[in-house]
Amino acid sequence: MKKSEPPILSTWMLERLAPRDKRESMIGDLREQYDEGRSAWWYRRQVFTTIVAGVAADIGAHKLLAARAFIMSCAAFMLLGAFFGRVRDTLIIDWDWAPRTPEILRQAVVYYGLPFEIPVCLWLAATGWTIARCHRNSRVATVILSALAPWLWAIPWAWRTGRLLHAGLWPFWDFRLALLYHGVMFFVGYPLCILLGGLWDAGSAVESV
Amino acid sequence: MLGGFELLVLLALLRLGDDAYGVPISNEIETSSGQSVSIGSIYITLNRLEQKGLVVSTLGEPTAARGGRAKTYFHLTAKGLREVRLARRTLIRLWQGVPQLEGDRI
């Protein structure tokens with residue numbers, strides 16, 4: 001018998017993202033097998049496959065709801081782009097506008113557009129939260145699917161930028177760290193905001209069995 | 001008509017009798033098939049079978065050994081047993097008279 005606890009992050013994810021029906025028993029079964037000597041790697045793999053299988057089954061069972069959630073997320077992202085695009089155009093941030101000290105804040109404002117990123121992340125979290133509220137019976141699947149919506153914009157952006165960089169035509173080579181940052185935000189940060197907003201009140205393991 | 005994995009799960013339930021919950025079901029399928037199975041896919045299949053009326057579930061008592069989590073026990077219904085018999089008959093009929101399968105050893 002093992003004395004150690006199973007991987008904390010995996011258990012945390014399982015408690016929130018595993019299929020709701022009989023979730024408690026499922027977590028107990030995995031815990032029992034882990035205590036009987038299965039490895040932490042085995043546990044993580046089980047958690048991952050359980051979540052993926054649950055999401056796939058839920059989307060298959062609620063196709064229309066899943067499509068609605070995805071469209072909601074896309075619409076929120078388009079609105080966001082339209083609104084902040086206009087704000088950014090009118091409120092050009094440059095070195096004169098940015099705070100002078102400390103240097104790291106100055107760079108965060110100019111290179112990374114911090115004044116825009118914070119409300120963008122909050123807006124996306126609110127979108128995830130709204131989608132979760134509107135789809136209580138298939139919350140996990142719809143929120144995960146919605147979190148993929150920014151990729152519709154991220155993939156063409158990465159493709160265009162990659163081609164320019166490859167051809168040596170990217171005009172802002174000095175800003176490549178900021179470019180990497182925006183890539184990470186597009187592919188990981190924004191989806192994560194939707195996911196966290198959606199799972200905000202998902203509760204831990206104390207869901208009805 | 002039952003799917004392949006559904007049939008495996010139902011057969012595992014039959015073999016385990018009253019002690020059929022997630023862990024032994026998973027072990028039974030892994031031992032028989034020699035392949036690793038995910039607990040999640042077993043539960044998803046069992047939920048589907050329950051919705052079709054082929055399986056019923058009962059909740060056991062929570063135990064400290066499982067982090068205070070209860071076991072869910074599964075049992076075959078009469079309809080489930082009929083489906084397994086039907087699948088068996090169908091498969092035997094299909095296997096018979098196939099030259100490529102004759103003389104096969106497991």
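This report describes chain B of a predicted model and the side of chain B that touches chain A. Local features need pLDDT of at least 70 and side-chain atom pairs pLDDT 80 or more, while totals for chains, interfaces and linings use all residues. Residues are numbered from 1 along each chain as its sequence is written, and chains are lettered from A and ligands numbered from 1 in the order in which they are written.

Chain B holds four helices and two strands, in the order α-α-α-β-β-α from the N terminus. Helices (H or I, at least four residues) and strands (E, at least two) are DSSP runs, numbered from the N terminus. The C-alpha trace of chain B spans about 55 × 30 × 20 Å along its principal axes.

In the contact with chain A, 17 residues of chain B meet 22 residues of chain A; contact here requires C-beta atoms, placed from the backbone, within 7 Å.

| Element | Residues |
|---|---|
| α2(B) | 22-33 |
| α3(B) | 39-51 |
| β2(B) | 69-76 |

The element that gives the most is α3(B), with six residues.

Helix α3(B) also packs against α1(B) (residues 4-16), at an angle of about 90 degrees and with the axes 10 Å apart. Axes are lines fitted to C-alpha atoms, for helices over the stretch in contact, and angles run from 0 to 180 degrees between N-to-C directions. The angle therefore makes α1(B) roughly perpendicular to α3(B) (65 to 115 degrees). In this contact, B:F5, B:E6, B:V9 and B:L10 of α1(B) meet B:I42, B:T45, B:L46 and B:L49 of α3(B).

Note on methods. Contact = placed C-beta atoms within 7 Å. Parallel < 35°, antiparallel > 145°, perpendicular 65-115°, else oblique.
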